[in-house]
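Welcome to this tour! Please open your viewer and keep the selection panel ready, and we will go from the whole chain down to a single residue.

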Amino acid sequence: MENPTNIVWHKSSVEKLDRQRLLQQKGCVIWITGLSGSGKSTVACALSQGLHMRGKLTYILDGDNVRHGLNRDLSFKAEDRAENIRRIAEVAKLFADAGIICIASLISPYRKDRDVCRALFPEGDFIEVFMDVPLHVCENRDPKGLYKLARAGKIKGFTGVDDPYEPPLNCEIVLQQKGRDCVPPGEMAETVISYLEEKGYLQA
């Protein structure tokens, strides 16, 4: 859809830099992508908690949670998945503009869709985090029982079973399952927090 020609962006007298100075942090989006069962939501919560304890304001946009409201009208077909991700990215952009560290946690299986999201943000403000956990590990965990349903043919178009997941090629952070050892979510969160500190996002 093209924008109507009769709408104009209204500039605010309080801008992103002003909000960032108030919050003493830099607004951005941390986009956590990976297979179902890879630990995205768990790491998102650990990350939010770790930043909260450091006095930083965050907000989590969880893929399942958003489908309870804003995206409740969307299915899991490819075109609806693209729209689901587009809407979440636009909301994340608003949070980042407010100076908030927004944590988006959703499968987002297609590179093309994630690249469209990245293009919405200034350079450096879209931080892609890949949960690099093998399919067999995710399927063994199966916390929601979805892989079992997909293997039984009761769910169609399930990522990793009968629909592809395209891993990032140039993401900022990879959180990897090391063999059989399960890295604690808090440790993974600290990896992301260290990145944010290094890049200056935890100060104005």
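What share of the contacts in the chain with a separation of 6 or more comes from residues 24 or more positions apart? They account for 76%, where contact means heavy atoms within 4.5 Å.

Before you click further, note that this is a predicted model, in which local features need pLDDT of at least 70 and side-chain atom pairs count only at pLDDT 80 or more, while totals for chains, interfaces and linings use all residues. Residues are numbered from 1 along each chain as its sequence is written, and side-chain values use heavy atoms, leaving out hydrogens and water.

**Stop 1: the whole chain**

Along the sequence their order is α-β-α-β-α-α-β-α-β-α-α-β-α. The radius of gyration is 18 Å, close to the 17 Å that the globule rule gives for 204 residues, so the chain is as compact as a globular protein of that length. That radius is taken over C-alpha atoms, and the rule is 2.2 Å times the number of residues to the power 0.38. Along the principal axes, the C-alpha atoms fill a box of roughly 55 × 45 × 30 Å.

**Stop 2: the main core**

Of the 204 residues, 43% count as buried, meaning under 20% relative accessible area with a 1.4 Å probe, protein chains only. Now select I30, I32, L47, I127, V129, L175 and L196: among the 23 residues of the largest nonpolar core, these touch the most other members. Such a core is a set of buried Ala, Val, Leu, Ile, Met, Phe, Trp, Tyr and Cys residues joined through side-chain atoms within 4.5 Å. Next, color β1 (28-33), α2 (40-53), β3 (101-105), β4 (126-132), β5 (173-176) and α8 (185-198), each of which supplies at least two residues of this core. Helix α8 gives the most, with six residues.

Zoom in on I30. Leaving aside residues up to four places away in sequence, its partners include L47, I103, I127, V129 and L196.

**Stop 3: a second core**

Select I88, A96, C117 and F126, which belong to a second, separate core of 15 residues.

**Stop 4: S48**

Finally, go to S48 in helix α2. Is S48 buried or exposed? S48 counts as buried, because its relative accessibility is 16%. Beyond residues up to four places away in sequence, S48 touches T58, I60 and I103.

Notes. Helix = DSSP H or I, 4+ residues; strand = E, 2+ residues; numbered from the N terminus. Buried < 20%, exposed > 50% of the residue type's maximum accessible area, 1.4 Å probe, protein only.
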